[in-house]
Amino acid sequence: MASGSVTQATPGGNAGARPVVTRFAPSPTGYLHIGGARTALFNWLYARHHGGKYLLRIEDTDRARSTEPAIGAIFDGLSWLGLDGDEPATFQFARSARHAEVAHKLIEAGQAYRCYMTQEELAAHRAKAQEERRPFRLLSAWRDADAAEYPSDAPYVVRVKAPRDGETVIDDLVQGRVTVRNEEIDDFVLLRSDGTPTYMLAVVVDDHDMGVTHVIRGDDHLNNAFRQLAIIDAMSAIEGWERPVYGHVPLIHGSDGAKLSKRHGALGVDSYRDDLGILPEALFNYLLRLGWGHGDDEIIAREQAVEWFDMADVGKSPSRFDLVKLQNLNGHYMREADDARLAAMVAERLGGTPDLDLLTRAMPVLKVRAKDINELADGAAFLFATRPLALSEKAAALLTDDAQERLAVMHDRLATQAQWLAEPLEAALKTMAEELGLGLGKLAQPLRAALTGQTTSPGIFDVLVLLGRDESLARIAAQASASAGSHV
């Protein structure tokens, strides 16, 4: 690279003229975390918005930490969110030979070199930089060495010949124009002494071979982009490789502005589904709004998100994760969800073989009160409780002697009803309350305790209908005073 030159990676560069191809490239060293899920979502949306392709790559070169369960969890989480790749996933480790091939091409073209510096020599250079209070920048004597000078049996690494003059400019889709002086980019390693490729090389080669045009990822990778461009530019001179367009998205913070952690709700995607009872459409919508917006719109369907999404609307500041907002949004989607689908989810949580037809019929009155599947399952549990019904402490306190006597009277009054429907049942109890000179609540509260074992539930007449005549009367009788039985 000539002295004083400026290199750029711009949204309007060569990548912009090609069909859009994005990628999500997680490392399978753990679960699919919330930040990774949002990165996948933004890549999926950008590709869909532009009629392009969205690809997956598993960066499994860290063999000690990459596990099959983690790979399975990543695919499972993406599939649950509807973010499957458009083609079978690429596995990075399987491409190691290709990565090494590119490194050797760079050596042959004079764009990389063998470096025989020992660990002791490297440590001495670092110590000197520290002593002189300056940043450590590797200056290897092997950079311009003739191949004839190479030792025949000494170990070496392969380093890129990074440009030393001028500057590199990235016109980032999110961050805007970012400039780095090339002297700040050292000759980093491409191949380790055992011949294995580094992350920096593997990412660049894979992105090129997969045809990736737009690299959308967290802004913690922004510094990596300048190093990766050193490889891309070198291969451009050899084989005409094109630069991608970059979009580095600010990271997600907790609601208090601190780095996101488990105490803020930084869980794996599977935990939001399995432990917190969140629906995929709710998490999709919530992640969409973490750092991106379209006016004041909060509820955004998948199809609308594809139409509206643009990286220009991604903010430059970190977004804040708020679990309460996610749960509130989930409540909205639960109220909109198909009843049979919710019933199946609740059945899994209840265990055993609950009556799916009953659960489905109960959903309209249960889902309006719940913000997640766990609450929905808790609310439905009374339908399958066995007698004698377990009472919460508050429910037991409602069943005073007077309340038990009224339950006995309610039992006899309700037993005479020809139709076990909400309206006639409500009319019967209203008449009874008037005869006793009581508000309807004085009857409904102990009745709810007797029927559900709780102090909260769907409307009491919905509860009676869902339980049915025989079960309702049996539960009331079980809690009524044995000595009471007089009619009003």
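What percentage of the 488 residues of the chain count as buried? The share is 46%, where buried means under 20% relative accessible area with a 1.4 Å probe, protein chains only. This is a predicted model, in which local features need pLDDT of at least 70, side-chain atom pairs count only at pLDDT 80 or more, and totals for chains, interfaces and linings use all residues. Residues are numbered from 1 along each chain as its sequence is written, and side-chain values use heavy atoms, without hydrogens and water.

The C-alpha trace spans about 110 × 45 × 40 Å along its principal axes.

Next come the strands. Two strands pair if DSSP finds at least two bridges between them. Strands β5, β6 and β9 form an open sheet in the order β5-β6-β9, with antiparallel pairing. β5 (112-115) and β9 (189-191) are at the edges with a single partner strand each, so one side of each has no neighbour in the sheet. Two bridges join β6 (residues 157-160) to β9, and Arg159 has Val189 as its bridge partner in β9.

Elsewhere, β7 (residues 167-172) and β8 (residues 176-181) run antiparallel, joined by six bridges. A hairpin of three residues connects β7 to β8, and Glu167 stands opposite Arg181 in β8.

Notes
Helices (H or I, at least four residues) and strands (E, at least two) are DSSP runs, numbered from the N terminus. Buried means under 20% relative accessible area, exposed over 50%, partly exposed in between (1.4 Å probe, protein chains only).
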